[in-house]
Amino acid sequence: MKYKEYKGINYAEVADEVLEFWKKNDIFNKSVDQKEGAETFMFFEGPPSANGVPGIHHVMGRAIKDIFCRYKTQKGFQVKRKAGWDTHGLPVELGVEKELGITKEDIGKKISVEDYNDACRKAVMKYTDIWNDLTEKMGYWVDMKDPYITYKPKYMESVWWLLKQIFDKGLIYKGYSIQPYSPKAGTGLSSNEVNQPGAYQDVTDTTVIGQFKAIPETVPSSLNISEDLYLLAWTTTPWTLPSNTALTVGPKIDYVVVKTFNQYTFEPIQVVLAKSLVAKQFAGKKFNQVEGVAELDSYSKGDKQIPYYIATECKGADLIGIRYEQLLPFALPYENSENAFRVIGGDFVTTEDGTGIVHTAPTFGADDAMAAKQAKPEIPPMLVKDEDDNLVPLVDLQGRFRPEVGEFAGMYVKNEYYNEGEAPDKSVDVQIAIRLKEENKAFKVEKYVHSYPHCWRTDKPILYYPLDSWFIKVTDKNDRMYDLNTTINWKPESTGTGRFGNWLQNANDWNLSRSRYWGIPLPIWKSEDGKELKMIGSLAELKEEIQKSIAAGFMDSDIYSDFVVGDMSEENYDKVDLHKNIVDQITLVSETGKPMRRESDLIDVWFDSGSMPYAQWHYPFENKEAVDDGLKTADFIAEGVDQTRGWFYTLHAIATMVFDGVAYKNVVSNGLVLDKNGQKMSKRLGNAVDPFTTLSKYGPDATRWYMISNANPWDNLKFDLEGVAEVQRRFFGTFFNTYNFFALYANLDGFDFKEQAIPIEKRTESDRWIISKLNSLTKKVDDAFNDYEPTKAARLIQDFVIDDLSNWYVRLNRKRFWKGEYNEDKKSAYQSLYTCLLTVAKLGAPIAPFFLDKVYGHLNEVSGQEEHDSVHLSKFPEADESLIDEELEARMEMAQKVSSLVHSLRKKEKLKVRQPLSKIMIPVMNENTVDRVKAVEELILTEVNIKAVELIDDTSGVLVKSIKPNFKKLGKQYGPRMKDISKAIAGFSADDISQIEKENKYALDLGDTIIELTLEDVLIASEDIPGWLVASEGGLTVALDINITDDLKKEGIARDIVNRVQNLRKDNGLEVQDRIKIQISSEDSIVTESVKQFEEYLCIETQANNLLVVDNLADGEELDIDDLKIQVKIEVN
RNA sequence: GGGCUUAUAGCUCAGCUGGUUAGAGCGCUACACUGAUAAUGUAGAGGUCCGAGGUUCGAGUCCCCGUAAGCCCA
C-alpha cells in the first residue's frame, strides 16, 4: 500500500471525488448515527426561502453553520441538524402574482384563493433543486431528506398551538396599527404596494406651522420666560391637527426661543423651534434679525419687515413635559385625555424640514403612534366613541370628518376624495389654515410640493389610518427577554448587548396580522359583535368545534372528516389543509350560540420561522418529551446580522413567552458579503458572484477557507476571487506540497507507520519542536473553535502549515527524508511529519471538509492507524500538554532569528549560502541564552552553512552595550518622572552599564531625588561588536566572520558541484534513486583539489557510484562556478 | 434621526490588560536558491494608525466630539 502521489492537483475535482465518496459510504449519516447515545449538540437551521436562487453569501453563512457542526461532531457530540424551508410570506405571493400576471385584487375574483395558494405552494419549492445542489457542492451537511416545511399541516398545527399558549397567557389583543389605507378602495395597502413605481407622486399641499400655546406653569423656569410661549410645529396634513395629542422634540437637538411678531395678526409672540431651522423659518425679506430686545419695540403693525430676536437656547430634553393648549379643541381622547397635549421626546425628529418640533397625531402617523406609546405616561390617541361604542378616529373609513369636528364635520379630508365636481373650493386643509390664522394659531401657512404616496388603483392619495390588527403584548415581556438574553453567548458580543439588547428593551408589541392569502391563518374565530372569541390550538380542537357548529346548524359537515385525531402518520396529515382557502369555510359556534367567523388575517411569517424549534418536531403533538428535554433549545445558530430583529428576535420572543427560556445558547451573526470594492452585490450592478462557478473553479475548500480566514464572520467580507486563488496557492498549495513530499519519500522507504511510535525523547530537537508546536496549535485551535472564532482557528492552522511545518521543519529536515538508509532517525522524521499532516487534516477538516478528508484518507489508508473511513468520523485531536515545550519553542525561535540575521548579512556581502563560512559570533547576556543557543547550534550551522558558533560574553570585553529603561516596570513605579529617568538612562556610559550589571543596583540621581535602579528596571542589549559585520534585531545580535579560507573555498566549490550535478540529473530526467557515474575536469587546480578532498561527500550527495577526475572531457557539460571553468559528465551507472 | 459595526502599507488583515523602531500575507523592485520547484529565501520601497480635542510620564490601544462606509430601525 502506498501513499497516493500527485503530479498535479485540481481541488474542485478532489472535492467531487470526496463528495462521491461521502455519498457512497453514507458518511454524513454515519457521522450522526455513530454518535447515538452521545451528548447532543443541537443546531437550528434558519430556513431559507426557496423561491429565490442562492448567492455567494449563502456559502458564507452556511460555511459557518457547517464548521461548528462538524467540529462538535469531531468533539464527540451527536449533532442533529434538520434542514428547513421558509415557504410563506409576501415575497412568495408577489412572485406568484407576477408570474400569473395578477394583482392582489384579483385573488378571490379572477383566481380562486385555492388555486392561488396552490400556485404559491408550487412556486415556493421551485428552486429547491438548485439549493440542494449548492448545499451538497459546498459541503454543507444538513439533513435534507427530512426538512421541516412551514406550509405542512403538522408545522402549522404546532404554530397554532404556540399561538394559543400565548393567547392563554393573556398576551394577545386586538388593537390597531397605522397602515397605508385607500379610502376610495376601502382597503389597506401593503408597504410593498406603496413602494411600487408610480405610487409616489408630487403633490402641492397647504402646510401649516401651528403655534401651540404652552401652559405657563409647565414651562421650566430655566427658560426664564415671562410672556406667552408658543411651540412651533409644522404639518403637511393640516386635517390631522384636530387629532393632535402631542408634540415631539429631539432630546439632543438644540432649540431656541425667538421673540417676534405673528405675520398674520401682528401680535407679539415668542416661539420655540430648532436652532438650526431659525434661518429657514425666518428667511427672506419678511424677517430681520435684531441684536437687542429693545429693537423689537420699534416694530409697528404693517412694517415691511418683522424683526426677530433670539432670546434663549436649550436642549430638546428641557422642553419635554411642557403642556400646551389644544390647537383645535373639537374633541378629547376618550381615554386618558389628561395625558394628552404634552411635549415628548422622539428619536425620529429631524431638523431637515419644519421646525424641529413634530406635530404628533397618533391616529394618523406610524411614527406618531410609536412615540406616543413610548412616552411615559402614554400619550392617548385621539379616539372617540362612535354610535356602537367602538373607539374610532376623527376621520371615518370613507375619509370624512366625523360629527365631532364642528364646522368641518362630514367633509372629506382630501379634496381628491370627492366625486367629480363636488369638491369645495377651499379644501379642509385650507379652511383649517384660515381658521388658525384668524386665531393667532398659525405662524406660517405655505404651499409645499412634496412627494406623497397614492393608491395604485384609485390614483388618489392614501391616508395613514389606524387599522385593526392582532398584537402580541411583547412589551409585557421585554424585561424578561432582556434578562434571558444576557445568558446567550453572542458573537460578536456587541450585537447581543447593543443591537439586540437595546432592541429588546424598546421593542413594541408584535403586530401579527397580515392581510394576505398564503400563510398560516390566524386561528381566531369571532362572533359578529366582537364580544366572543375562540382561539384554536390544534386540529383536534378544531374538529371538536366543528362538531358543535354542525350541531348548532352553522355547518353542514366536517370538512376534515377524513382526518383521524391522534393518528400522527403523514398519510393522515396529508388529508388536511389549514390554509386560508379551507379554514375560511369554517363557521364555529360561540358559547352563547352565535355564529363565529374567522378573523381574516394571516399570521406574520416571522412567527412561522420563530416557531421552528417546536414546530419542526410537531411539538407538542409528537416528540413531546424529547423536545421538553432539550430539542427545543439550540446550542448554536448562525445567520446574518440582518436577522437580529428577524429570526433571532422571533425565536427569542416565542421561547420567552411560551417556555420562559432561551431558544439558543450560542449565536453567530455574520456580516454581509460585499464585492471586492466593498459594494453590495446585486444583480443590477452585475457584481454578484455566482457561487456555482466559484465552487467549480476553486473548489469548495479554498472558497470556504478564504471566507473564514480573511475576515471575522461578523465583519463584512470583501469577496475577491483573487483572494480565493491566493488561499489556494498559499495554504492549500503548501499543505499539498508538504503532503506530496512526504508521500514521495515515505513510499520509497516503505514507511507505513505500522511500527511503534518512537518515544518523543528519542527524536531530534526539530522533531520535538514541531510536535510541540503541533500540540500548542491543537490547543489553540480547539479553544478558538470552542469560542466560535473560526477565523482565529483558520489563521492559526495556516500559519502553522506555512511557517512552521513547511518553511522551517520540512526545509530544515529535507535531507533526513531522502538521504541515507531507513534508520531510526529517518523513521522519527517520517513519524513526526505524518503526525503533523494527520493532525492538521483533523484540525482543519471543519473548514476544508473535502480536501482534508482526502489527505486523511490517503494517510490512514496506508497506516491503518484509525478505523474511521473519514476525517469527519474521527476524533478531534487533543493537545498533549506534556509534549508542549515552551523553552524549546523559544530557542527554536532564536534559531530562526539568528538564521534570518545571518542570511541578511550574507545577502549584504553577496556571500551565497553554498559558500561555507567559518563562524558567527553571538553576544550573550545571560546563561539562559547560552543554553538556548547551544541547543540549536547544529540547526543554525546547517541552515546558514557556518562552521561554528562562538558565544561572546562580557569577559571578552569587546561588546558594546546599549541600555534603555524598562518602561512598563518603571512607569508603574515612577509615573511622572519617566521623562527624567529616560533621559538619565540614555546618558549612561559603558561604566554605568557595567556597574548596574555587576551590582544589580544603581543610584540614579535625578537632581532633586535619587532613585534605586535594579537590573530589572532596565533592558540591556548588545548591538555591536566593533570590527565585525553585525546585524541586530529585537535584542539579538549576530556577527559574521566573512573570511574565506582555502578549505572553505574548496568546500564551497564542492557544494556548487553537487548543486550543478543535481541539476544535470534532473535535466536528464533521472529518477531520484538512479545511481550515476561522474567525470569531472577543470584547469583550475583548486577545483580538482576540491573534488579530491570532498569525493565522498560528492558521491553521497549525488548518488554517484564513482567519481573520476579526468584531464580532458570534451563531451562534458560546461559549468561556470564563480569564474571557475569545470566540465562535468554524468552517466547512469 | 437612533442603535450597532468598521476605518492601521497600493490590497486583505494582525496588533494581548496603554510601555517608546506599528507587523504579516499579497502586490511591486532587486538579489539569491534550485531533488518540495506551477515552489522557496533575503532585502528594499511603501504608514499623519480617518480627523480634532482630552486623560496620561507615555495613546494605534482609553474618553469625548466629528467624518466616511455598512447593516438594522424609524
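Glu599 is buried, with a relative accessible area of 13%, where buried means under 20% relative accessible area, exposed over 50% and partly exposed in between (1.4 Å probe, protein chains only). The model is a predicted one, in which local features need pLDDT of at least 70, side-chain atom pairs count only at pLDDT 80 or more, and totals for chains, interfaces and linings use all residues. Residues are numbered from 1 along each chain as its sequence is written, and side-chain values use heavy atoms, with hydrogens and water left out.

**Salt bridges**

- A salt bridge is a side-chain nitrogen of Lys or Arg within 4 Å of a carboxyl oxygen of Asp or Glu; by this rule the count comes to 65.
- Glu599 pairs with Lys174 in a salt bridge of 2.8 Å, N to O.
- This pair links distant parts of the chain, 425 residues apart: Lys174 lies in strand E4 (residues 172-182), and Glu599 in the loop between strand E25 (595-598) and strand E26 (602-603).
- Helices (H or I, at least four residues) and strands (E, at least two) are DSSP runs, numbered from the N terminus.
- Lys174 is partly exposed, at 32% relative accessibility.
- Glu407 and Arg435 form a salt bridge whose closest N and O atoms are 2.9 Å apart.
- Here too distant parts of the chain are linked, 28 residues apart, with Arg435 in helix H13 (428-438) and Glu407 in the loop between strand E16 (391-393) and that helix.
- Arg435 counts as buried at 17% relative accessibility, whereas Glu407 is partly exposed at 49%.
- Glu45, Arg62, Lys65 and Glu639 are joined into one network by salt bridges that share partners.
- Lys137 and Asp133 form a salt bridge, with 3.1 Å between the closest N and O atoms.
- Because Lys137 and Asp133 are four residues apart in helix H6 (residues 128-137), about one helical turn separates them.
- Lys137 is partly exposed at 36% relative accessibility, and Asp133 is partly exposed at 28%.

**Nonpolar cores**

- A nonpolar core is a set of buried Ala, Val, Leu, Ile, Met, Phe, Trp, Tyr and Cys residues joined through side-chain atoms within 4.5 Å.
- The largest such core has 130 residues, and those with the most contacts inside it are Tyr3, Phe719, Phe742 and Ile920.
- Helix H24 (residues 721-749) supplies the largest share of this core, 13 residues.
- Phe742 touches Tyr3, Phe751, Tyr830, Leu833, Tyr834, Leu837 and Leu859, leaving aside residues up to four places away in sequence; contact means heavy atoms within 4.5 Å.
- A second, separate core of 69 residues includes Tyr148, Val474, Met555 and Met612.

Note on methods
Chains lettered and ligands numbered in written order.
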